Amino acid sequence: MQPKSSMKQNFDFFLVLDFEATCDKVAQPNPQEIIEFPVLKVNATTMKVDSIFHQYVRPQFHPQLTTFCTELTGIIQAMVDNQPHLPQVLQSFHEWMSSEGLLDPKTKSIFVTCGDWDLKTMLPKQCTFLELSLQPYFTQWINIKKSYADVTSVFPKGMMVMLNNLNLKHVGRHHSGIDDCHNIANVLIALMQRGYIFKQNGNLNS
């Protein structure tokens, strides 16, 4: 019998994604815009991070970050000034997907998010506002909260709850997109090590 942690997953790679976006304490900017675009490519066989895409994004409509946004995310104005806007970042990301072999139809990969907001709300809304077409690979994902609930029978409030209950140490700064990705990846790996076989549970059209 195979050890739990070596059971074959349905996917070759998990793409752990966690956007940060413009925000304010009372009312969100309209439109809300992505300002940090990080993705970790996690190898389902080795359970290691093979590659990282990480890009800060300059907002087009509200270029000045609020004090609240900086306090929450740790992203200061200088980190987004002179960075590319979202259309250019999406093009760079597509090129990264291609260079990593993730567009090969024989390679099975899927995004992993903590909640449905990133790919059900944030990216589609901004693409609609900018009149950009959404790549098909963004329309399906794994909401790791649902996966965690499959394993524990408890739906978690957020990432910190999952980390604590899995006895995982939080790394970096909460609400830093890249740090959150590393923490989500650690939850993903912990659930794989318990023998959980991940399945798609998020869809843009449902």
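Accessible areas are taken here from the Shrake-Rupley method with a 1.4 Å probe. On that basis the protein, which is a predicted model, exposes about 10300 Å², and carbon and sulfur atoms supply 51% of this area. Buried residues make up 46% of the 206 residues in the protein.

**Overall build**

The protein has seven helices and seven strands, and from the N terminus on its elements run β-β-β-β-α-α-α-β-α-β-α-α-α-β. Its radius of gyration is 17 Å, close to the 17 Å that the globule rule gives for 206 residues, so the protein is as compact as a globular protein of that length. Taken along the principal axes, the box filled by the C-alpha atoms is roughly 55 × 35 × 30 Å. Among contacts between residues at least 6 apart in sequence, 70% join residues at least 24 apart. As for charge, the protein carries 17 positive and 18 negative side chains, and the centres of these two sets lie 10 Å apart.

Strand β3, which spans residues 34-43, is mostly covered, with ten of its ten residues buried; buried here means under 20% relative accessible area.

| Pair | Residues of the partner | Sense | Bridges |
|---|---|---|---|
| β1 and β3 | β1, residues 13-17 | antiparallel | five bridges |
| β2 and β3 | β2, residues 20-21 | antiparallel | two bridges |
| β3 and β4 | β4, residues 49-56 | antiparallel | seven bridges |

Phe 14 stands opposite Val 42 in β3, and Val 42 in turn stands opposite Val 49 in β4.

**Backbone exceptions in the loops**

Most residues other than glycine have a negative phi, and most peptide bonds are trans. Against that background, the peptide bond from Asn 30 to Pro 31 is cis, with omega near 5°, and Pro 31 lies in the loop between β2 and β3.

Glu 131, a residue other than glycine, has a phi near 55° and lies in the loop between α4 (117-130) and β6 (140-143). Is Glu 131 buried or exposed? The cut-off for exposed is over 50% relative accessible area, and because its relative accessibility is 75%, Glu 131 counts as exposed.

Ser 153, likewise a residue other than glycine, has a positive phi near 65°, and its place is in the loop between α5 (144-152) and α6 (159-165). With a relative accessibility of 65%, Ser 153 also counts as exposed.

Conventions:
Residues numbered from 1 in each chain as written. Predicted model: local features only at pLDDT ≥ 70, side-chain atom pairs only at ≥ 80, totals over all residues. Heavy atoms only, no water. Buried < 20%, exposed > 50% of the residue type's maximum accessible area, 1.4 Å probe, protein only. Helix = DSSP H or I, 4+ residues; strand = E, 2+ residues; numbered from the N terminus. Pairing = 2+ DSSP bridges. Rg over C-alpha atoms; globule rule 2.2 N^0.38 Å. Contact = heavy atoms within 4.5 Å. Lys, Arg positive; Asp, Glu negative; His and termini not counted. Charge placed at Lys NZ, Arg CZ, Asp CG, Glu CD.
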